[in-house]
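Subject: Structure handover

Hello,

Here is the structure for your files.

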Amino acid sequence: MFEVSGLHSGYDGTIIIEDININVQHDEIVTIIGPNGSGKSTLLKSIFGIVKPQQGKIEFLNEQITGMKPFRVFEKGISYVPQVENIFSNLTISENLDIGFYTSKINDTKNELDKIYSFFPQLKNKKSIKSGNLSGGERQMLAIARALIGDPKLLLLDEPTASLAPNLVSEIMQKLIQIKDSGTSILLVEQNAKKSLDISERCYVLVMGKNFFEGKASEVIQNKELGRMFLGNK
């Protein structure tokens with residue numbers, strides 16, 4: 001469904017990621033892990049068109065989208081949730097979702113809202129509350145909820161559980177399983193590697209901007225050396 005091949009990208013002429021190769025299949029969660037500064041966020045931004053790749057190809061549903069502007073990438077069926085500044089804190093939950101509808105081509109907003117709220121019922125109960133008054137977990141849920149408007153085929157998530165309490169991390173992960181089961185594949189960048197690997201089919205490890213490992217998520221969990229390096233195992 002989605003493939004990145006030979007991708008080189010970075011900022012102001014400085015290469016951050018080099019010769020990256022990844023793919024995501026239908027109905028799959030794929031996790032990208034690696035140390036800070038390994039290029040994980042740069043990869044997602046390059047896919048979504050925020051950073052322009054300098055070399056390589058990005059293909060989605062058999063169409064090349066390399067270097068497309070973000071709104072065009074969104075129109076093709078890819079949504080992106082950055083780690084920070086991913087909601088409008090001065091707007092209510094309902095108003096944040098309205099912005100999602102503004103950028104989509106959905107006509108039946110009621111049916112779409114019902115679907116979104118079925119994933120996140122706690123947001124429906126607080127839809128008139130200013131988003132700046134939400135908990136960290138609720139803010140992340142709102143950001144993901146808005147990204148789901150328009151029924152994307154691929155969801156790019158950058159550190160959705162950053163700074164959340166363990167119980168909220170588990171809740172977010174369960175929501176991602178539900179989203180995947182509904183037909184949206186997920187490419188997930190996570191520092192909470194153990195939790196993300198538990199819900200993922202496959203994993204890529206990036207180190208210093210390059211592919212270091214790829215394989216089934218279970219292989220990373222069971223590999224003692226990888227576990228010591230990236231999961232904090234002893």
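This is a predicted model: local features need pLDDT of at least 70, side-chain atom pairs count only at pLDDT 80 or more; totals for chains, interfaces and linings use all residues.

Nonpolar cores. The largest nonpolar core has 31 residues. Within this core, Phe-120, Leu-155, Leu-176 and Ile-179 have the most contacts. At least two core residues are supplied by each of helices H3 (93–102), H4 (109–119), H6 (136–148) and H7 (166–181), and likewise by each of strands S7 (154–158) and S8 (185–189). H6 gives the largest share, seven residues. Leaving aside residues up to four places away in sequence, Phe-120 touches Met-141, Ile-144, Ala-145, Leu-148, Lys-175 and Ile-179. Another core, of 26 residues, lies apart from the largest one; Val-4, Ile-32, Phe-60 and Ile-78 are among its members. As general background, nonpolar side chains tend to be buried together in soluble globular proteins.

Helix H1. This helix spans residues 40–48 and is mostly covered, with seven of its nine residues buried. The buried residues are Lys-40, Thr-42, Leu-43, Leu-44, Ser-46, Ile-47 and Phe-48. Just after H1 comes Gly-49, which takes a positive phi of about 90°.

Lys-69. This residue sits in the loop between strand S5 (63–64) and helix H2 (70–76). Lys-69 counts as exposed because its relative accessible area is 57%, and the cut-off for exposed is over 50%.

Regards

Key
Residues are numbered from 1 along each chain as its sequence is written. Side-chain values use heavy atoms; hydrogens and water are left out. Buried means under 20% relative accessible area, exposed over 50%, partly exposed in between (1.4 Å probe, protein chains only). Helices (H or I, at least four residues) and strands (E, at least two) are DSSP runs, numbered from the N terminus. A nonpolar core is a set of buried Ala, Val, Leu, Ile, Met, Phe, Trp, Tyr and Cys residues joined through side-chain atoms within 4.5 Å. Contact means heavy atoms within 4.5 Å.
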